[in-house]
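Subject: Structure for you to look at

Hi,

Here is the structure I promised to pass on. Have a look at it first, and then read my notes below.

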Amino acid sequence: MKRIPASALALALMLLAASCGQKKEAPKSKYPVVDSLMSVMTLEEKIGQTVLFTSDWTVTGPSMRDNYLEDIRAGRCGSLLNAYTADFTREIQRVAVEQTRLGIPILFGYDVIHGFRTIFPINLGMSCSWDIPAIERSARIAAEEAAAAGLQWTYSPMCDISVEPRWGRISEGSGEDPYLGSLIAAAMVRGYQGDDLAADNTLIACVKHFAAYGAPQGGRDYNTVDMSERWLREFYLPPYKAAVEAGAVSVMASFNELDGVPAHANAHLMEEILRDEWGFDGFVVSDYTGILEMINHGYAADLSDAARLSMNAGLDMDMMSAAYMNHLKQLIESGEVSEATLDKAVRRILEAKAALGLFDDPYRYCDPEREKARTLTEENKAFARSFAAESMVLLKNDGILPLKKGEPVAVLGPLADSKDDLLGSWRGAGEVEAVPVSVLGAVKEVTPVAAGAGKVILVIGEPWSWSGEAASRSDIRIPEEQRELLRQLKKAGKKVAVVLMNGRPLDLSEESELADAILEAWYPGTMGGYAVADVLFGEVNPSGRLTATFPRRLGQVPVYHYMKNTGRPYVHPEAKYESRYLDVVNEPLYPFGYGLSYTSFDYSAIRLSADGFSGDGSLTASVTVTNTGSREGTETVQLYVRDLVGSVTRPVRQLKGFERVTLAPGESREVRFTLDRETLSFYRADMSYGPESGDFLLFIGSDAATPNSAAFTYEI
Ligand code: GLC
C-alpha cells in the first residue's frame, strides 16, 4: 500500500491529483478536503471512519479492544476514546497520519464530565449553584485542560432530566427541571466549543444520552423507558434541544429503549426529531456497545442486523460494538444499507475533524509544554474552590453554623478524611494526588480538631461509587451505621453539623430530625475539602438551591415540582378519598429550589404590570427582595407559572425564570420577570406547541413551594 506523506499539504495535492481525472461534483462540504477525501476513499476506508474504539488507558464499559493500534494502522478505526496526554495521543496520531494510505487523523474523545484535571463538583452539584456563567466557565476550563492533553471531543453535556433518585446517573445531570436543564446544557456546549473549534483549547461537545435515559423504570440503570410523546417533548427533550441549538457537533444515543424501540435504532429520535425538526447536522455516536446491545433488547437478530438497523436509523459512529467494522461492507454490497447512507455518516465525521483543524495540523493538540502550563493552574483551582462552595446547599441550620474559627470541633464520619470521594464519579483525569486536603484536613487548618468537643462536624453520605453509571440503589438512605453514629452523638448531647457527600437526592427524614445542621456538599471536586470548610466557617455564605426534589421516603418517588393536581388533590388532612398516602404526607422533605442561607430574605407581594396580556404582548411581574439578616447573601429568586385550565392537564408549578441576586444586609432589590407567549407555551391537545387563553397563577419565591402568588389572564 502506497504510503502518504504526512503533511496535509501533500495530502491535499495528492487528493487534487487523484481527483483531476474525475468529473467535478458540486462541493458538498464547506471543507474542500472532505470532498476530496470522499472522492478517493475506498469502501473499507469509509467504514473505518465510522468506528470508535477505546484505548486501554481506562475502562468505561463492559468490553475492551486489544489491538486498537493495529485497527488504526489498518484503517479500521477512525476515532479513539479514553486516550489522553499530549505524548500518548501524538504517538497514536502518528500511526493514523503517517502509516495509513490517506493519513486521516484520529478524533480523540473522553468523558470530560465535570472537569478534566481540575475537577469541579459533580453535575448535580454544579446545577445547584444556578450560576449559569460559572457552569459555562467550568466547561471552558475543562476544555482548556483536556484539549492541551490531546483531546478534541468530550462526551458531555449529559442532558438527561430525571426524577429518579434511585438512578445512579442522576448525579451526572442537572436535576429534574427542563427549563434550568436547558440553560445549563447550552452553557456547557458554549464552554466546551468556544468560538473556534479549530483553536487549541476547544472541544466538540456531545449531547447525551439521547433520549430520556433518565426515566428508567424502577430507577434501575439501562431499564425500559416508556412515556407519552407529550411527556417526552414537554419534560425530557428540552435540554437536548437547547444543546443542539447551542451548536453541539455530536449527539450520543442512549442505552434505553423508548416506546419499544431502542434509541440506537430509533429513527423517530435520530432522524425525525433530531435532524428534521431540530436541524442537527453533526454526527451521532452510539454509546458503549450500544449497537450490539440491541440483540439483548430483542430488537436485532444478530450483529449484522443491529448494524443495519442503526446505520439506517441515522447512527453515524459505532462505539465499541465493532458492528460497522464487521458488517457494513456486506450490508452495502447486499444493498441492505446504501452507500449514500454510509457517505452521509462519513461526511459528518470528516467535517467534525476538519472543523477541529485536524487536517491542517493533526498534532496541534499534542504539545506537552502547553499541557503542563494549562493544567491545574492556581486560577483553575481557585475557581474550583469557589464554585464548589457555591454548589453546596444548606438544608438545615438551627444556628450551629457558621462555626467560629479557633473553637474546638470534632470532625468525624467515614468520609471526613477521604480525598478520593471528593472527586465523585466520572472524574475524568482527576487524580487523588492533586486533591490538597480532605474535609478534615481543611478544618484542621482553621481550628483545633478536638475529639471530645461539644460540636461535631459529621461527614457522611455515600461512597462515590454508589452513584454514576451502573450504580442504582433500591434504598436512598445513607448507611445504617452512619445514621447510628449520628444517633449516638445526639444521645451524648453533641451539637452536630452533618456534611453530606452523595450523588443523589436522599431520604434524610431521620437526619433532618436529629442533626442541628445539614450541608449538602455533593462530591465537590479537587478543592472540595477547602470549599466545605469555607462554608462551615462562614468564609462563604451558602447559596445553593436544590435542583432535584428530596423525598421524605422512597415511597413518595416520583415526587417533583411539576406534578399534576389530579381529580382528587390532597387538601383536607382528614379526608379519605383524596390523592394521598396513609403513612406520609405528599409534600417532599425538601422541595425543588430549596436552600438556606446564613442570612434571611423577605419577599414583597407580587406586583403585576397588568391583570393579563394577549397575543405577542407581555406581562411584567416583580417583587422586592430584602436581605433581612446580618450578612451579605445571594438569593435565587424563582418564578413559577401554573396554567389553571388547558386542553390537556397542566402541572401545578413550572419553573419559568430565576434571578440570582446578592444583597448586603438590609439591602432591597426589585426583581422583575417578563412573561410572554413562550412562557405559557406547551404541547396542546393536538400536539401543536403554543399557548392557550385562560387564567393563570404565577409564583415568585425562594423555592417551588412558595405561596407568594398572583393571578393573571392570557388571551391568544
Ligand atoms: C459509558 C456511558 C457514556 C460514556 C461512554 C464512554 O457507557 O454511558 O455516558 O460517555 O460510555 O465512556
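This is a predicted model: local features need pLDDT of at least 70, side-chain atom pairs count only at pLDDT 80 or more; totals for chains, interfaces and linings use all residues.

Let me start at the ligand: one of its oxygen atoms sits 2.8 Å from an N or O atom in the Arg-169 side chain. I count that as a polar contact, meaning a pair of N or O atoms within 3.5 Å; within protein, one must be able to donate a hydrogen and the other to accept it, and residues adjacent in sequence count only if both atoms are side-chain atoms. The side chain of Lys-208 likewise has an N or O atom 2.8 Å from a ligand oxygen, and for Asp-287 the distance is 2.6 Å. The protein covers 100% of the 310 Å² of accessible area that the ligand has on its own (Shrake-Rupley method, 1.4 Å probe; for residues, only the protein chains shown count as cover).

Residues are numbered from 1 along each chain as its sequence is written, and side-chain values use heavy atoms, with hydrogens and water left out.

Back to the ligand. There are 14 residues around it, and Thr-60, Asp-111, Arg-169, His-209 and Asp-287 come nearest (a residue is near if one of its heavy atoms lies within 4 Å). The shell splits into seven nonpolar, two polar and five charged residues; here Ala, Val, Leu, Ile, Met, Phe, Trp, Tyr, Cys and Pro are nonpolar, Asp, Glu, Lys and Arg are charged, and the others, Gly among them, are polar.

Now the whole chain. It has 23 helices and 26 strands, taken as DSSP runs numbered from the N terminus (helices H or I, at least four residues; strands E, at least two). Its radius of gyration is 27 Å, which agrees with the value near 27 Å for a compact globule of 716 residues (taken over C-alpha atoms; the rule is 2.2 Å times the number of residues to the power 0.38). Buried residues make up 61% of the 716, where buried is under 20% relative accessible area, exposed is over 50% and partly exposed is in between (1.4 Å probe, protein chains only). Among contacts (heavy atoms within 4.5 Å) between residues at least 6 apart in sequence, 78% join residues at least 24 apart.

Most residues other than glycine have a negative phi, and most peptide bonds are trans. The Ser-156 to Pro-157 bond is cis, with omega near 15°, and Pro-157 is in the loop between β4 (153-154) and α8 (178-193). Phe-210 to Ala-211 is cis too, with omega near 10°; Ala-211 lies in the loop between β5 (206-210) and α9 (229-236).

Thr-85 has a positive phi of about 95°. You'll find Thr-85 in the loop between β2 (79-81) and α5 (86-98), and at 15% relative accessible area it is buried. Met-687 also has a positive phi, about 70°, but this residue is partly exposed at 29%.

Last one: Ser-321, in the loop between β10 (318-319) and α14 (323-333). Its relative accessibility is 7%, so Ser-321 counts as buried. Beyond its neighbours within four places in sequence, Ser-321 is in contact with Thr-289, Gly-290, Ile-291, Leu-292 and Leu-303.

Cheers
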